[in-house]
Amino acid sequence: MILTAVVAITFVILFILERIRPLRHVVETWQRHIARNLTVGAIALVIAFPIQLALLVPLSRRGLGLLPMIPMPGVLRTTLAVILLDYTLWIWHWATHRVPFLWRFHLVHHVDRDLDASTALRFHAGEHVLSVAYRAAQIVIIGADPLAVWIWQIVLFASILFHHSNVRLPARWERVMVRLIVTPRMHGIHHAQREEWTNSNWSSILTCWDFLHRTMRLQVPDEEIVIGIPAYDDAREATIGRILTLPFRRRRNDWAR
């Protein structure tokens, strides 16, 4: 219930700010864009959420994994679990770009021709189901307790809504913020129509993982960023039917128009 409220409130605030201070020009009406993304996201939620609830919650209560084996205060254990969950999510995001089978599903997220808060919810149901299996492994290996998983989920959803948003923050603010967390300009580079830019900025909450792996890219002017994937830069590719069947269709050269 709290997670739903956080997502809804964050989305509404960002939606208003996107109308007041847009960062990028948009290529289609916001009504059509948001309706499509929410529909794709809702389908994924209906399919994946029951699986996640049945699997992840019981696993987090088992007390398995690395952290429960190490004596430490509960607050420290929870904090470390949240940090490690964020780092292992960086690995998953990297894998969705590098493993061809996973990229088929993650491509649905990247072929969005505009980037705003609704894009944060636009993931294929297949990717959600696959990610549940990965998150189960995260929880078991790390030994994340229910509180850590709950905190991580709330912070994660707020973060991905924020950094996918089309909100223009003062540049001086972002220069400070990006040292710690992912910002709209930073993640906009990740969604640009250039493969070498897309293969960077994989962090979800903390940016230290991209600094650590030397995959951080920041010095890209706003006007050079075109959102999407070149091979799918056609409005006819953006229908819900085409989006949902995309992982199962014949692959094309994604980076060629």
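1. The largest pocket in this predicted model holds about 1,300 Å³ of space. Rolling a probe the size of a water molecule over the atoms shows where empty space is left.

2. Which elements give two or more residues to the lining of the largest pocket? They are helix 1 (2-20), helix 2 (30-60), helix 3 (74-98), helix 4 (100-110), helix 5 (125-142), helix 6 (146-164) and helix 8 (184-190). Helix 2 gives the most, with 11 residues in the lining of the largest pocket. When the lining residues of the largest pocket are sorted by class, 26 are nonpolar, 19 are polar and 3 are charged.

3. The second largest pocket contains about 340 Å³ of space. It is lined by 14 residues, of which E174, R175, R185, L218 and Q219 are the closest to the centre of the pocket. By class, the lining of the second largest pocket consists of 8 nonpolar, 2 polar and 4 charged residues.

4. The next points turn to how the helices pack. Two packed helices are described by the angle between their axes and the distance between the axes. For helix 3 and helix 4, the axes come within 6 Å and cross at roughly 100 degrees. Because angles of 65 to 115 degrees count as roughly perpendicular, helix 3 is roughly perpendicular to helix 4. On the side of helix 3, the residues that meet helix 4 are W92, H93, A95, T96, H97 and R98, while helix 4 brings P100, L102, W103, H106 and H110 to the contact. This contact has 5 nonpolar, 5 polar and 1 charged residues.

5. How do helix 3 and helix 6 lie, and at what angle do their axes cross? Their axes come within 9 Å and cross at roughly 50 degrees, which means that helix 3 is oblique to helix 6. Helix 3 passes helix 6 in a right-handed crossing. The contact is formed by T78, A81, V82, L85, D86 and L89 from helix 3, together with L147, A148, V149, I151, W152 and L156 from helix 6. Sorted by class, the residues of this contact are 10 nonpolar, 1 polar and 1 charged.

6. Helix 5 and helix 6 have axes that come within 12 Å and cross at roughly 135 degrees, so helix 5 is oblique to helix 6. The crossing of these two helices is right-handed. Helix 5 contributes R135, Q138 and I139 to the contact, and helix 6 contributes V149, W152, Q153 and L156. By class, the contact of helix 5 with helix 6 has 4 nonpolar, 2 polar and 1 charged residues.

Key. Residues are numbered from 1 along each chain as its sequence is written. This is a predicted model: local features need pLDDT of at least 70, side-chain atom pairs count only at pLDDT 80 or more; totals for chains, interfaces and linings use all residues. Side-chain values use heavy atoms; hydrogens and water are left out. On a 1 Å grid over the protein atoms alone, a cavity is a set of points where a 1.4 Å probe fits but cannot get out, and a pocket is an open set with protein on both sides within 12 Å along at least five of seven lines; lining residues have an atom within 4 Å of a point. Grid points are joined across faces, edges and corners, and a volume is the space filled by probe spheres set on the points. Helices (H or I, at least four residues) and strands (E, at least two) are DSSP runs, numbered from the N terminus. Ala, Val, Leu, Ile, Met, Phe, Trp, Tyr, Cys and Pro count as nonpolar, Asp, Glu, Lys and Arg as charged, and the others, Gly among them, as polar. Axes are lines fitted to C-alpha atoms, for helices over the stretch in contact, and angles run from 0 to 180 degrees between N-to-C directions. Angles under 35 degrees count as roughly parallel, over 145 as roughly antiparallel, 65 to 115 as roughly perpendicular and the rest as oblique. Contact means heavy atoms within 4.5 Å. A crossing is left-handed if the near helix is turned anticlockwise from the far one by less than a right angle, and right-handed if clockwise.
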